[in-house]
Amino acid sequence: MSIERVREYFRSLGREGEILEFPVSSATVELAAQAAGVIPARIAKTLSFAVDGGCVLVVCAGDAKIDNPKYKAQFHCKAKMLTPEEALAFTGHAVGGVCPFAIDNPAVTTWLDVSLRRFDTVYPAAGSSNSAIELTCDELAEYSGSSGWVDVCKGWAEE
């Protein structure tokens, strides 16, 4: 189970107890925001894309949308989201719980979108459709093994 892998990962960091498991679904931005008691923009959603036979994860604010021209300029290809089956195969996490943690696949790279930086803390999923963990942006960058920050989204509040 993917949440168990994420729990084990955070156990190694001494943060396992900070994983939030909700009695309700947090599989969408809106549901996650309700479950965590925060505004939807503070949900750090993880989007998965096919790039050169591999997978790129873009973690962005809940109110952000991929900007196709910005995405193409950054990754040199059209944004093509993975199917739920492909996302599971690449990340080991099912859609609704896809997160940038505990992924051992070298074909997966993680990028963080600048739309997250306006918040002190954000809530990425923790490997299941009813979990999250509150992290600062610096912690998210460290724990996700991020390749860096990108600006590939639009529609968020500070544009």
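**View 1. Pairing of strands S6 and S8.** In this predicted model, strand S6 and strand S8 (residues 135–136) run antiparallel and are joined by 2 bridges. Within this pair, Val-122 stands opposite Leu-135 in S8.

**View 2. The two faces of strand S6.** Strand S6 spans residues 121–124 and is covered on both faces. Thr-121 and Tyr-123 are buried on one side, and Val-122 and Pro-124 are buried on the other.

**View 3. Pairing of strands S2 and S6.** Strand S2 (residues 43–51) runs parallel to S6, with 2 bridges between them. Here Ala-44 stands opposite Pro-124 in S6; Pro-124 is also one of the buried residues of that strand.

**View 4. The sheet as a whole.** The sheet is open and has 6 strands in the order S8-S6-S2-S3-S5-S9. Its pairing is mixed: S2 and S6 run parallel, whereas S6 and S8 run antiparallel. S8 and strand S9 (149–150) stand at the edges with a single partner strand each, so one side of each has no neighbour in the sheet.

**View 5. Strands S2 and S3, with helix H3.** Strand S3 (residues 54–61) runs antiparallel to S2, and 8 bridges join the two. Among the paired residues, Ser-48 has Leu-57 in S3 as its bridge partner. Helix H3 (residues 68–75) packs on the sheet, where it touches S2, S3, strand S5 (108–113) and S9. The direction of H3 makes about 60° with that of S2.

Definitions and conventions:
Residues are numbered from 1 along each chain as its sequence is written. This is a predicted model: local features need pLDDT of at least 70, side-chain atom pairs count only at pLDDT 80 or more; totals for chains, interfaces and linings use all residues. Side-chain values use heavy atoms; hydrogens and water are left out. Buried means under 20% relative accessible area, exposed over 50%, partly exposed in between (1.4 Å probe, protein chains only). Helices (H or I, at least four residues) and strands (E, at least two) are DSSP runs, numbered from the N terminus. Two strands pair if DSSP finds at least two bridges between them. Contact means heavy atoms within 4.5 Å. Axes are lines fitted to C-alpha atoms, for helices over the stretch in contact, and angles run from 0 to 180 degrees between N-to-C directions.
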